Amino acid sequence: MDGNLRQQIFKPTACLSHEELRQYLSGHMSREGQKRVENHLLDCPLCSDAVEGCEESGNHLTDDLEDFEAFSKKLSMPSHTAKVRQLQPGGYLRQAIAVAAMLVVGAVAYFSFFNKSLDGPALYAKHYVPYQNDVPLAMRNDTAPSVNPNFAQAITAYSEGDFTQASSIFEQALQQQPSHEATLFYAGLSNLEKNDLVKAESYLGQVANGRGIYAKKASWYLVMCDLKAGKKEAAAAKLDKIIQAGEVMANEAKHLRDDM
Amino acid sequence: MSIRFLNKQPDVRQLSDEELVSRFAATQQQTYFEELYRRYMHLAYGVCLKLMKNEDESRDVVSDVFKILFTKLPTADVKSFKAYLYTVSRNECIAKLRQKKSDMEKLAKYNHLENSPDDFMENDGFAALFNTNPSMEQEVERAVAQLGDEQQTCVRMFFYDDKSYREIATETGYTEKQVKSYLQNGKRNLRILLEKEMRKHTA
């Protein structure tokens, strides 16, 4: 066997720098560089989609992307996040006044920008993060004997974002294994994605009421169901329980509660 | 003397993404966030371009994405920054498309656009195990032989013959996109097969 495959195939590679991306898109890259990039694209959806996005739009990565200095002006940062070099010794009173003024401006900007009272669907849009499929790779392979083939097929559809197909197959799998926790959980998530909130609540509720590994996460996604349905008060009550329990998703829950 | 000289700043370029995230969360110092922005802003922009298909909208979404990260990173449980960035970028694009009824067509095409696997294949741990396990030498060839025809052809041409996507496409008649897809799925399947073998050897 050629040793090249063994050496190269699972070699960890870094994401593309701005310059590498530009060179790859323009075709002005060394052969070695091109191979490294193309091997990396097989493992990294972020870089892979970035390359495809630029190629499909015919945009070979323009130079005028916003640099950090311009971007940072849009942030309303409290003074302690500012760079150290902005503080010079001497004139402490003047600095204190400047810092106080920045704090006031920052706080006003923060509350006007981030802290608007949002309705349920807007909070959902801001805080909802699709659950990344965490079913082990081997379990997704429908040749694995212990895995319900319906489940394997459904999890693939879920991973590909085909939630209509996924929820339909998960429900078939549930007919065979009605209390299978992972199936109930992903069936709930698929229905949440496709906006069938009654079913989503039913499946996620069963998981949240159990003691399995997805129970806490299901509680979080029940909050998402409430927000999507515009039931902000119900969501708040569930959030308070998650925060009180102080376990999985408690930080996210606090952050969302602050936004309410 | 400037205060700057009294504060020895680490060379942020030497820090891993996850170190940058944890230091940013702990200190709120902008320097750490700036390095993450420098490493990934162009990639997030490319991801947004893929979904939004509009340069100006993509710039706006990327800006929003990094604003969200700036706010959320200190409290989020981030195991892989790039996976987190990828998720937030896609969500923001979808949220923007949902807001615009005129873009429902784009939104409907989202599944099609997202047909590439969304799992990040973290090779570090696996490569370390794999490359130090001499019994895997023969297993690689066996695993390659188990792949479907298209995947096997592309894997052999890419890894054995050192050909690029374009060269493989020219020789096989597949499109470059198909070549990439066969390679992505082939590599993923190889890993599944080899992981099974490694489990057998270590059992």
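The model is predicted: local features need pLDDT of at least 70, side-chain atom pairs count only at pLDDT 80 or more, and totals for chains, interfaces and linings use all residues. Residues are numbered from 1 along each chain as its sequence is written, and chains are lettered from A and ligands numbered from 1 in the order written.

**Helices of chain A**

Helices here are DSSP runs of H or I, at least four residues, and strands are E runs of at least two, numbered from the N terminus.

| Helix | Residues |
|---|---|
| α14(A) | 232-245 |
| α15(A) | 250-259 |

α14(A) and α15(A) pack at about 140 degrees, with axes 8 Å apart. Axes are lines fitted to C-alpha atoms over the stretch in contact, and angles run from 0 to 180 degrees between N-to-C directions. That angle makes α14(A) oblique to α15(A). Oblique is what remains after under 35 degrees (roughly parallel), over 145 (roughly antiparallel) and 65 to 115 (roughly perpendicular).

α12(A) runs over residues 197-208. Buried residues of α12(A) include Tyr203(A), Leu204(A) and Val207(A). Buried means 20 or more other C-beta atoms within 10 Å of a residue's own, with C-beta atoms placed from the backbone. The buried residues of α12(A) pack against α11 (181-193) and α13 (215-228) of chain A.

**Chain B**

Chain B has eleven helices and zero strands. Of its 203 residues, 34% count as buried.

Conventions
A residue is buried if 20 or more other C-beta atoms lie within 10 Å of its own, exposed if 12 or fewer, and partly exposed in between; C-beta atoms are placed from the backbone. The expected span of a helix is 1.5 Å times one less than its number of residues. Two residues are in contact if their C-beta atoms, placed from the backbone, lie within 7 Å.
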